[in-house]
Amino acid sequence: MADNTTNQFVFGLDIGTRNVVGTVGYREGKDFYVAAQYSMEHETRAMLDGQIHDIGRVSRVIAEVKQRLEEQLEMELKDVCIAAAGRVLKTITTTVEYVFPEETVVTSEHIHTLDLLGVDRAQQMLKEKNDTRYKFYCVGYSVIKYYINDEIFSNIEGHKAEKISEEIIVTFLPEDVVDGLYSAVGQAGLEVANMTLEPIAAINVAIPEAFRMLNIALVDVGAGTSDISITRDGSIIAYGMIPYAGDELTELIVQKYLVDFNTAERIKLASGSQEEIEFKDIMLIPHTIKAEEIWELTDPTVDHITTEVANKIKELNGDKSVSATFVVGGGGKIHGFTEMLADKLELPRERVALRGEEVLQSVHFSQPEVVKDPLIVTPVGICLNYYDQKNNFIMVHFNGERIKLYDNGHLTIVDAAMQAGFANENLFPKRGESIEFTVNGKQRVVRGEAGESAVIKVDGKVVSINTPLVPNSEIVIESSTAGKAAEYTIEQLDEYTSATIEFLVNGKTITCPKFVQVNGILQPGTYKIHNHDQIELRNYYTVAQLAEFMDVQIDVQSDIVLNGKPADTQSMVYENFELEWTVAPYAPGEREREVAVLSEEVAGERQPAEQETAKTEHMTGNSVSEEQKVNQAEEKWDQSPVEQTSPAEQPQPSAEQPQPVAEQPVQDIHISVNGDALQLSGKEEYIFVDVFNYFDFDLSQSNGRAVVTKINGQDAQYTQVLKDGDQIEIYWKEN
């Protein structure tokens with residue numbers, strides 16, 4: 001055997017229904033050298049029909065095979081290649097193509113990408129027509145034909161092409177079959193380096209590429225399943241599987257001769273090479289029988305199995321027979337199997353034959369006791385498949401679920417997340433909800449804040465989203481979070497550069513808050529903008545609005561003059577416009593009372609925030625400073641033509657009324673607010689705005705609505721004096 005180093009070895013395991021066969025070797029040129037091989041039977045029927053039923057027992061057998069091989073090689077084995085079988089095999093044949101932007105030389109990477117496109121297409125097709133409860137994993141694929149610009153090529157690498165395409169057959173098995181294999185191998189201290197399908201492994205040895213131009217069937221008859229593959233025109237065109245094989249015959253012997261399963265298996269194998277067979281039944285009674293007895297017993301079952309195999313071959317081959325059939329696997333060695341199969345396929349018997357030593361000429365064993373027979377074909381094929389499909393896919397655990405990805409050498413965490421169906425929006429930071437609105441008819445968007453990125457861990461360590469994937473790694477992703485929703489107020493708008501606007505009224509400068517209309521309703525600068533709001537920034541007042549803000553009554557009998565021209569109450573007054581009007585007279589003493597009220601607010605005897613909000617929102621939808629309030633009240637009274645009286649003409653207190661002193665007596669009054677009784681105490685006199693010191697009404701929750709205030713059913717003035725027994729209503733006017 002040629003010289004070799006440890007890192008060149010390939011370890012393959014054929015985990016069969018009856019045996020586990022371990023093979024370690026390496027390829028040199030066209031030859032494969034087996035450095036060590038060991039086979040061990042399952043102690044119990046831990047596997048049925050190619051599927052693991054008792055993971056723990058199968059794992060212990062694998063561990064024993066691994067240990068024996070390590071002793072032979074004097075080295076540790078860590079990675080292993082395996083092959084899968086099972087009752088439920090699905091195959092999908094599809095065609096895919098890739099068009100280059102311009103004529104391009106085809107590389108191996110292009111071919112690999114095309115293969116992956118084919119696998120992805122097949123997976124989607126299987127999902128669409130899957131009528132079973134199983135979730136399927138891809139366990140292998142074979143390209144039937146390659147095309148360049150729609151012409152068939154046996155090898156497209158190195159050719160120039162505008163378009164490449166392929167016809168591909170992709171095979172799938174249920175996830176519980178694959179999961180069972182991975183679990184058993186993992187518990188034995190091994191990691192899967194490559195997994196394929198058993199008929200793919202077998203055909204790589206049994207039918208060389210030179211023979212694949214012929215229409216040939218390969219039947220791998222194991223203990224639990226018979227795996228079938230078909231070649232034609234240089235390609236593998238189909239795979240199939242039936243759940244009938246050698247164990248069907250062994251169970252007949254168990255029932256007939258009252259022996260355990262292992263003894264029955266020995267009797268079955270001996271019937272093919274010995275004339276007489278000796279054994280003891282479960283009662284320890286010795287028996288000697290002729291091999292012909294076993295043949296007669298098993299013939300009906302062999303007839304049934306070969307009928308099923310022949311029917312499957314014809315089905316896979318387009319409802320017609322093949323030109324020849326090769327048989328491998330221990331089950332095919334049973335007496336009469338190849339002859340019966342030939343009859344069912346309507347072929348000469350010499351065209352259905354066991355394949356063993358004939359196809360193992362380039363395989364060399366260091367152990368002289370190893371016999372080159374059909375039993376060895378699949379174990380060697382599993383090792384050889386490693387070289388053909390190495391790194392075509394990798395397995396990882398993603399948030400506790402095992403997933404499989406086809407590897408192009410550039411796989412990252414993102415690829416695993418996509419394969420697992422993890423939503424993209426949960427990988428990357430999500431912005432909070434945006435606000436869309438219009439300002440003076442133009443669309444505006446304010447975006448929410450960015451959230452936190454997803455937390456990604458591989459084998460417990462935090463990594464980035466672009467970290468390369470490592471086979472068999474444990475990936476955990478905690479979803480990204482959404483940021484805070486957008487918040488924006490009117491005063492944050494660029495158009496809202498100044499919160500006030502000035503006019504010249506009767507020669508005096510009047511400072512007013514700007515009007516902002518939201519959905520047709522006046523709002524203050526502190527208004528929080530909502531989605532789809534329509535905002536209009538107004539840089540003017542009407543004459544009537546200005547009078548309302550100044551809390552004066554215009555003498556309608558007198559002229560209103562705006563910038564030297566006649567105007568009316570609906571005329572628009574812009575920044576620095578000059579306005580002249582005549583204010584209607586007020587009753588004596590009202591000026592002093594209003595100024596005193598506003599002064600008390602500034603001094604803090606009332607609640608300025610509520611008073612200010614109530615007064616300005618009621619009139620304009622904007623806020624005004626306390627100092628402005630007092631100044632404007634003074635200006636209003638200065639403009640009012642209040643009749644002046646001499647001290648002698650001023651109203652005098654009555655005899656019953658005490659003379660004013662520095663400290664007035666306090667009184668209590670009882671009123672009702674929205675039906676609730678309320679007592680006001682601690683002052684000489686109460687006006688309407690005092691109610692807000694006793695009654696909880698949040699004036700900041702307008703949401704575009706005006707506040708309605710009434711005393712005894714009539715609209716209330718904020719400075720109106722309250723009397724004992726007054727009935728007060730305060731509520732929002734709904735739009």
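This is a predicted model: local features need pLDDT of at least 70, side-chain atom pairs count only at pLDDT 80 or more; totals for chains, interfaces and linings use all residues.
Let's look at what surrounds the side chain. Leaving aside residues up to four places away in sequence, Phe337 touches Val221, Val302, Ile305, Thr306, Val327, Gly331 and Gly332.

## A negative patch and Glu296

Now for a charged part of the surface. Glu275, Glu292, Glu293 and Glu296 together form a negative surface patch. One of these, Glu296, sits in helix α7, spanning residues 291-316.

Why does Glu296 count as exposed? Its relative accessible area is 61%, and the cut-off for exposed is over 50%, so Glu296 falls in that class.

## The chain as a whole

Stepping back, the chain has 735 residues, and 47% of them count as buried. Its secondary structure comprises 14 helices and 41 strands.

Contacts across the sequence are worth a look too. Among contacts in the chain with a separation of 6 or more, 65% are between residues 24 or more positions apart. As for the surface, the accessible area of the chain is about 36,500 Å², and carbon and sulfur atoms make up 46% of that area.

Key
Residues are numbered from 1 along each chain as its sequence is written. Side-chain values use heavy atoms; hydrogens and water are left out. Patches are made of residues with over 30% relative accessible area and no salt bridge: like charges are joined within 9 Å, nonpolar side chains (Val, Leu, Ile, Met, Phe, Trp, Tyr) within 5 Å. Accessible areas come from the Shrake-Rupley method with a 1.4 Å probe; for residues, only the protein chains shown count as cover. A salt bridge is a side-chain nitrogen of Lys or Arg within 4 Å of a carboxyl oxygen of Asp or Glu. Lys and Arg count as positive and Asp and Glu as negative; His and the chain ends are not counted. The place of a charge is taken as NZ of Lys, CZ of Arg, CG of Asp or CD of Glu. Helices (H or I, at least four residues) and strands (E, at least two) are DSSP runs, numbered from the N terminus. Buried means under 20% relative accessible area, exposed over 50%, partly exposed in between (1.4 Å probe, protein chains only). Contact means heavy atoms within 4.5 Å.
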